[in-house]
Every structure is written in structure tokens, then in C-alpha cells.
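Please look over the model shown below with me before reading the points that follow. They are meant to be read slowly, with the structure open beside them.

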Amino acid sequence: MGLFCAILVVTMLTSGCVPANGSQSTLPSVLPTDTSDGGMASWLQIVTFLTALTMIPAVLMMASSFTRIIIVLSFIRNAIGIPQTPPNQVLLGLALFLSIFVMAPIWQSINSTALQPYMSQQITQEEALERGVGPMREFMLKQTREKDLSLFVYLAKVDRPRNAGDIPTHVLIPAFVVSELKTAFQMGFLVLVPFLIIDMVVSSTLMSMGMMMLPPAVISLPFKILLFVLVDGWHMIIRSLMVSFS
């Protein structure tokens, strides 16, 4: 429930569903106010809605492509040897917009199949929840390793799923996060290798010349930056990240 509500809010913000004029926005278009015996009380719905709002950062970071992207970009900065450049704000902004680029088709699918029909009162809340979670689950399943999925199925002590639809969402999300961490570290290792070779060559050269008091990092830094620029490193890294999600 909270995951889907957070997705709905993100989808509205990115698809222009929030009114832009000065008129007062009302909650009933997103949050039903049915106070009958079969529904939640309106105040409890509002509390649930506000709670879902607080989950938006977690959804953006953990249930999307953001985790892999920001870790790989951090590896690049540390591999070059200048931890302050690019600044954290630049890396976070780049990772956020790249995540929006990757997740845009999924959010558009949620908007067209779940949010808009629900706001038009064509489907019920339960149907909107089922339709809205579907694209997110499909994305996470494609990026999740079977080994990680099996681990959390075992830890959750649930019956072995016969198909993807039988996997609970609360089991899929942590398995997806662990898989993203492994993929990000694998890509980060490949990023570190060429810069490590440069450090080793510079260090060996300085030792052979008897310049042991000179820090190798001072000499290797310009060479690493030169290598990164010559091979158009940012283009290669961004392209590799985008292709890894296809």
C-alpha cells in the first residue's frame, strides 16, 4: 500500500497531474473519503497518505535504478583520486536524473494503466493497486538474481513460488536491492582496474628512481585524469549504466 501510494505521488509529480493554477487541490482525486463500514475512516486515510509521502525517498533510492547509478559514480570519483570532484550535489543530481530517465517508461505505464483510470473512477482502489505495482515488480524482477531471490524467499519462510506472480513484494524488494549492490560493485571493480594499473606503474617508476619520499598519488593523478578524458570516460560510464538496465 505505502509503496504504491508513493509511486502514485511520484507519477503525478512527473506527469503533471498536480494542478498548476492557484486553485485549492483536494485529496479525493487521489485519496477516497469513504467513511462507510467497509472503508477506512478519512483521518486514517490521510495518515496513510502522509506516511506514503515519507516513503518516496526510499522508493526512489531502493526500488529504482538509483542505487546502482550512484554507487558506480562514487567508484569513479574515488578511482580517479579526487574525492571532492565532482561534488556530492553534482553526483546526486546526475544519478537522480539518470534514474528518472531509466524509470520514466515504468512511471508512464503506472500513470496510464492505474493512476488515470483510478482518478477517473473507472477502477477501484484494489484494482489500481494491483495495476500500479505490476510495472515496478516487472522491472525489479528483471534486475534481480535468482540466488538473491531464493535467499529472501527462504528467510521469509514462504512457500516456494511457482511463478513471478507468487513472489511477495516485501520479498522482492530486498532481493532487488542486494542484486543492485552486487551489480554496482562489479561495475565499480571494472572501473578501478585501469586506474590501479596507473598507480602501480607510477609507484614502481618512482621507487626505481629512488624518489620514495614523493607520494605516487601526486604524480598519478594527472595521468588518470588524462586517461579518463582521452577515452571519454563519462560517455562510456553513462552508456554502460544505461545499457545494463536494458
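1. Some terms come before the details. A residue is called buried when its relative accessible area is under 20%, exposed when it is over 50%, and partly exposed in between, with a 1.4 Å probe and protein chains only. By that cut-off Phe 97 is exposed, because its relative accessible area is 60%. Phe 97 is found in helix H5, where helices (H or I, at least four residues) and strands (E, at least two) are DSSP runs numbered from the N terminus.

2. On the origin of the values, this is a predicted model, in which local features need pLDDT of at least 70 and side-chain atom pairs count only at pLDDT 80 or more, while totals for chains, interfaces and linings use all residues. Residues are numbered from 1 along each chain as its sequence is written, and side-chain values use heavy atoms, with hydrogens and water left out.

3. Taken as a whole, the chain has 10 helices and 0 strands, and its pattern along the sequence reads α-α-α-α-α-α-α-α-α-α. Of its 246 residues, 36% are buried. Contact here means heavy atoms within 4.5 Å, and among the contacts in the chain with a separation of 6 or more, 72% are between residues 24 or more positions apart.

4. How do helices H4 and H5 pack, and at what angle? Two packed helices are described by the angle between their axes and the distance between the axes. Helix H4 (residues 66–80) and helix H5 (residues 88–119) pack at an angle of about 145 degrees, and their axes are 9 Å apart; axes are lines fitted to C-alpha atoms, for helices over the stretch in contact, and angles run from 0 to 180 degrees between N-to-C directions. H4 passes H5 in a right-handed crossing, a crossing being left-handed if the near helix is turned anticlockwise from the far one by less than a right angle, and right-handed if clockwise.

5. The residues that meet include Phe 66, Ile 69 and Leu 73 in H4, and Leu 91, Leu 92 and Ala 95 in H5. By class, the contact of H4 with H5 has 10 nonpolar, 3 polar and 1 charged residues, where Ala, Val, Leu, Ile, Met, Phe, Trp, Tyr, Cys and Pro count as nonpolar, Asp, Glu, Lys and Arg as charged, and the others, Gly among them, as polar. Phe 97 and Phe 66, which are 31 residues apart in sequence, are 9.1 Å apart in space from C-alpha to C-alpha.

6. In helix H4 one also finds Asn 78, which is exposed, with a relative accessible area of 51%. The C-alpha atoms of Asn 78 and Phe 195 are separated by 10.0 Å, although the two residues are 117 residues apart along the chain. The loop between H4 and H5 holds Pro 86, and the peptide bond from Thr 85 to Pro 86 is cis, with omega near -5 degrees.

7. Is Glu 180 buried or exposed? Glu 180, placed in helix H8, counts as buried because its relative accessible area is 1%. Residues up to four places away in sequence not counted, Glu 180 touches Ser 64, Ser 65, Arg 68, Gln 143 and Phe 245.

8. The largest pocket has a volume of about 310 Å³. On a 1 Å grid over the protein atoms alone, a pocket is an open set of points where a 1.4 Å probe fits, with protein on both sides within 12 Å along at least five of seven lines, and lining residues have an atom within 4 Å of a point; grid points are joined across faces, edges and corners, and a volume is the space filled by probe spheres set on the points. Of the 13 lining residues, the closest to the centre are Leu 190, Val 191, Pro 194, Met 236 and Ile 237. H8 gives the most to this lining, with 5 residues, and by class the lining has 11 nonpolar, 2 polar and no charged residues.

9. Finally, Gln 121 has a positive phi of about 60 degrees although it is not a glycine. Gln 121 sits in the loop between H5 and helix H6 (125–143) and counts as exposed because its relative accessibility is 73%.
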